[in-house]
Amino acid sequence: MSAPTERAGRRPTIKAVAAAAGVSTAAVSQAFNQKGRLSEATRRRILDAASDLGWSPSAPAAALRNARTRSLALVVRRPTDVLGADPHFSELITGIEGELAPRGYGLLLHLVTGPREENALYERLAAEGRVDGAVLTDARDDDARPALLARLGLPAVLLGSPDDTAVVPRVGLGDQGAGVAEAVAHLLRLGHRRVAYVAGPVELQHTRLRRAAFEEALRADGLRPFAVLHTDFSERMAVGATEALLDAADRPTAVVYANDSMAVCGIGTAQRAGLGVPRDMSVVGYDDLPLGRWLHPRLTTVDQRVQQVGAAAARLLLSLCGEEVEETPLTGRPRLVVRESTGPAPG
């Protein structure tokens, strides 16, 4: 059946074509640009709907879509207050920009609050031709984003443990649990037996991998976790988790935090409660961000080379976008950096 025509005097739009064909606007763009992974039947349905409506892409718009924008997207699914309080992303962006700026590329940062908003953003970016590629953060189990970006024909890299079977290339240090396991081993050597973990959101892949490493390291020594508390990485939840641990009858003598920002909150919360770090409670962070080196006591943490990961991701994505870039693969795994926030378990 023919698609309904637009009302007289109104120029048909790409949204009208998408609605008539039962597809997204990104799919309409792909059908006319010969990009993406549309089936021939879908492509034909789109072209027929466009013909019935009398729509075609304007020549200037088509030229803009087919030209390189020299812009890449970084989409972060975090509340603004959490992102503002976490220097992790400042370090990541520094690494990415260090590769993009000398080549005349720019980085478009987008904040989203959920998967539906994030997926809609990728479709819009692809349909409007606003970026040449995207850096995906926070790998998840059963992650639908790589397949979506592949379908949209938008080059992408995903930050996470390397995986040769992944739909889009992944960039990160290997063995995401290694740093946490090393931190637990360090605490056990110091005599700690009541060790807690303040983790990130349960849906993140690295949360699962690091929690498993934490529990396995304790189990190998015949111990169980004092507690594992999940947070959204916010200051509020980090403080709340620490206060809950300190209120326990036999509080933990050591706490491992899933990032340095939460570890800083943990140290401050313990000190306000009259406890000494590491005299009464040892604290370990994760990321090795600059702020941890200026605390008192300086923060024991896990170095996952955030800037280098960002730089490697940018180089790989530039290569996928057709730039001639010498790719330097990341090697190694996260490693423990011992400073003064950990010490012997209290007697």
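Helix α9 and helix α10 cross in a right-handed sense. In this predicted model, α9 covers residues 178-189 and α10 covers residues 205-219, and the two pack at an angle of about 30 degrees with their axes 8 Å apart. Angles under 35 degrees count as roughly parallel, so α9 is roughly parallel to α10. The chain has a mean pLDDT of 87, and 90% of its residues reach 70 or more.

**Contact of α9 with α10**
- From α9, the contact is made by Val180, Ala181, Val184 and Leu188.
- From α10, Arg210, Ala213, Phe214, Ala217 and Leu218 take part.
- By class, the residues of the contact of α9 with α10 are eight nonpolar, no polar and one charged.

**Contact of α7 with α8**
- Helix α7 (residues 115-128) and helix α8 (residues 145-152) have axes that come within 10 Å and cross at roughly 15 degrees.
- The two helices α7 and α8 are therefore roughly parallel to each other.
- The crossing of α7 and α8 is right-handed.
- On the α7 side the residues are Glu118, Asn119, Tyr122, Glu123 and Ala126, which meet Arg145, Leu148, Leu149, Arg151 and Leu152 in α8.
- The residues of the contact of α7 with α8 comprise five nonpolar, one polar and four charged.

**Contact of α6 with α13**
- Helix α6 (residues 88-100) packs on helix α13 (residues 306-320) at an angle of about 40 degrees, with the axes 7 Å apart.
- That angle makes α6 oblique to α13.
- The crossing in which α6 passes α13 is right-handed.
- Helix α6 contributes His88, Glu91, Leu92, Thr94, Gly95, Ile96, Glu99 and Leu100 to the contact.
- Helix α13 contributes Val306, Gln307, Gly310, Ala311, Ala314, Arg315 and Leu318.
- The contact of α6 with α13 holds seven nonpolar, five polar and three charged residues.

**Sheet and the helix across it**
- Four strands form an open sheet in the order β7-β6-β8-β9, with parallel pairing.
- Strands β7 (227-230) and β9 (282-284) are the edges, each pairing on one side only.
- From one strand to the next, the twist averages 15 degrees.
- Strand β6 (residues 195-199) runs parallel to β7 and is joined to β7 by four bridges.
- Opposite alanine 227 in β7 stands alanine 196.
- Helix α11 (residues 235-246) lies across β6, β7 and β8 (254-257), and runs at about 160 degrees to β7.

**Backbone features in loops**
- The peptide bond from valine 277 to proline 278 is cis, with omega near 10 degrees.
- Proline 278 sits in the loop between α12 (260-272) and β9.
- Histidine 296 and proline 297 are also joined by a cis peptide bond, with omega of about 0 degrees.
- Proline 297 belongs to the loop between β9 and β10 (301-303).
- Aspartate 138 is not a glycine, yet has a positive phi of about 55 degrees.
- Aspartate 138 is in the loop between β3 (133-136) and α8.

**Confidence**
- Over residues 1-9, pLDDT stays under 50.
- For residues 1-9 the model has 11 contacts beyond four places in sequence.

Notes: Residues numbered from 1 in each chain as written. Predicted model: local features only at pLDDT ≥ 70, side-chain atom pairs only at ≥ 80, totals over all residues. Heavy atoms only, no water. Pairing = 2+ DSSP bridges. Axes fitted to C-alpha atoms, helices over the stretch in contact; angles between N-to-C directions. Contact = heavy atoms within 4.5 Å. Parallel < 35°, antiparallel > 145°, perpendicular 65-115°, else oblique. Left-handed = near helix turned anticlockwise from the far one by under 90°. Nonpolar A, V, L, I, M, F, W, Y, C, P; charged D, E, K, R; others polar. pLDDT = per-residue confidence, 0-100.
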